[in-house]
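Welcome, and please take a moment to look over the chain before reading on. The notes below are meant as a friendly first tour.

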Amino acid sequence: MNLSLIDPFILAQDYPDALTGKVRSGHAACIRFNRKGDFLATGRVDGTVVIFDIETNGVARKLRGHTRQIQALSWSGDGRYLLSSSQDWKCILWDLQDGTKLRTVRFEAPVYIAELHPLNPFLFVASLFEDQPLLVDISSCIPLKHQLSSVPKRPKLDRQDLNEKQALQDAKQSTCVTVFTTLGDHIIAGTNKGWLNIIEVRSREIIHSTRLCNGIIILLRLTASGRDMVSNASDRVIRTIPIPNLSQDGLDMDTVKIEVEHKFQDVVNRLSWNHVAFSSTGDYVAASTFMNHDIYVWERGHGSLVKILEGPKEELGVIEWHPHRPFVAACGIETGRVYLWSIITPQRWSALAPDFAEVEENVEYVEREDEFDIHPIEEIHKRRLDLEDEALDVLTVDPVKEDPIHDVFSMPVLLDIVDSESEEEIVAVGPGTMRRKSPGEGREWMNGAENANDPEEQGSFKKVVTGAAEKTQ
């Protein structure tokens, strides 16, 4: 869209205001933007990962390797690698250059969430169901798994007064969510008892712990700068927490205090929150609600509610905020559609010409004296030739400002409608005849049917079914 046609006051708005679109390819259970914000990865309930191009809403890539629902997705810093974790107890690192499986790691329990290192795509941390988290190094074909502790590190005074019962309860704690800091030197982990543990990656030891709440810490997210963190817990309270510079030289962790900045909650309806996300600037917090179809947006400066985004008539699950734009995506729990919220930008057509004026109603037009004068054909032809003599530069390429940290990675977009799977999943069966795609159609690969599209194989299958029916009769 031409920026000159957009109202500059709308460009200054930092949060979306209306539902503007939706995309679908199967039943999505989780979503995640890459760092540049040009691709949106969705994990489906059948184990397929679908990557959408944001500008065209087309499918850029489909990745098949899991057999059960995708739990979490994590992008590498340059956008080339994608880590998917599933309920089939596996994590797969995908190379999006060609869509191949680069590494596959199997665990002894289902994976809650797995997060890639911000600088090293061959290192990730995984939180397991009722088990201790693991730091996994996949630099080689054989993964190296390092177990991390979930027992909080209490202050010295508390450790002296710690009795046997409390020590036993601490030993039973398990980590529900883990996230790397911006530089990747530390891991912030949340436990099922409300503790927040800071783990040093180099030594793999807990260097600081603090009690955040009495419930289960469900989700942790950091801003792009890594200075602030948002948490979602089972006590129906969303908390924003300033994070100190943990990589500072000479930092004494015993003197570090992690305190809650704001608490966001619905004190009237006591709503629970399914998922939370930071805005691109970190100034706003958005959350999807349990058993509700609204998205709440709070402003961190004053801790006040600024917007309630009305969405579809279904409960929303995972919510993600675009890393650079006031653009929010959320997936519906019932239908699996991915809904998109953004700013509706009315165009200012007066920007096309300085003397163009927009009017509220029809006015009588007064023509100029020479506006409809007829000019000779020779003069018109001479003017056209004079315009053609002007030299046009079509070879010079304007320099584009690139990200100095990460290499530029581009991924081709699939434009085939069969691959993109339209919203209603309609297929053509004949000239002018359409029908809705059957629920199991296109999933023959899951059953190992290599010749599912072969007409001879389909014919033999029909003969077998017909013969079986005749024998039954």
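This is a predicted model: local features need pLDDT of at least 70, side-chain atom pairs count only at pLDDT 80 or more; totals for chains, interfaces and linings use all residues.

Residues are numbered from 1 along each chain as its sequence is written, and side-chain values use heavy atoms, with hydrogens and water left out.

**Salt bridges**

Side chains of opposite charge can pair when their charged atoms come close. Here a salt bridge is a side-chain nitrogen of Lys or Arg within 4 Å of a carboxyl oxygen of Asp or Glu. How many salt bridges does a search of the whole structure find? The search gives 11, and the table lists some of them.

| Salt bridge | N to O distance |
|---|---|
| Arg32 and Glu115 | 3.2 Å |
| Asp95 and Arg80 | 2.9 Å |
| Asp228 and Arg300 | 2.9 Å |

Burial is stated by relative accessible area: buried means under 20%, exposed over 50%, and partly exposed in between (1.4 Å probe, protein chains only).

Start with the salt bridge between Arg32 and Glu115, whose closest N and O atoms are 3.2 Å apart. This pair links distant parts of the chain, with Arg32 in strand S2 (residues 28-33) and Glu115 in strand S10 (residues 111-116), 83 residues apart. Both Arg32 and Glu115 are buried.

Next come Asp95 and Arg80, whose side chains meet in a salt bridge. Asp95 sits in strand S8 (residues 90-95), and Arg80 in the loop between strand S6 (70-75) and strand S7 (81-86), 15 residues apart. Asp95 counts as buried because its relative accessibility is 8%, whereas Arg80 is partly exposed at 28%.

Then there is the salt bridge of Asp228 with Arg300. Asp228 lies in strand S19 (residues 228-233) and Arg300 in the loop between strand S24 (294-299) and strand S25 (304-310), so the pair ties together parts that are 72 residues apart in sequence. Both Asp228 and Arg300 are buried. Asp228 and Arg300 also belong to a network of salt bridges that includes Glu261.

**Surface patches**

Patches are made of residues with over 30% relative accessible area and no salt bridge; like charges are joined within 9 Å, and nonpolar side chains (Val, Leu, Ile, Met, Phe, Trp, Tyr) within 5 Å. Accessible areas come from the Shrake-Rupley method with a 1.4 Å probe, and for residues only the protein chains shown count as cover.

Leu392, Val394 and Leu395 form a nonpolar surface patch with about 420 Å² of accessible area together. Val394 is found in the loop between helix H4 (377-388) and helix H5 (417-420), and Val394 counts as exposed because its relative accessibility is 70%.

A patch of negative charge on the surface brings together Asp386, Glu388, Asp389 and Glu390. For charges, Lys and Arg count as positive and Asp and Glu as negative, with His and the chain ends not counted; the place of a charge is NZ of Lys, CZ of Arg, CG of Asp or CD of Glu. Asp386 belongs to helix H4 and is partly exposed, at 43% relative accessibility.

**Backbone angles**

Most residues other than glycine have a negative phi. Asn57, not a glycine, has a positive phi of about 60 degrees; Asn57 lies in the loop between strand S4 (48-53) and strand S5 (59-64). Arg204 also has a positive phi, near 60 degrees, and is placed in the loop between strand S16 (195-200) and strand S17 (205-211).

Notes
Helices (H or I, at least four residues) and strands (E, at least two) are DSSP runs, numbered from the N terminus.
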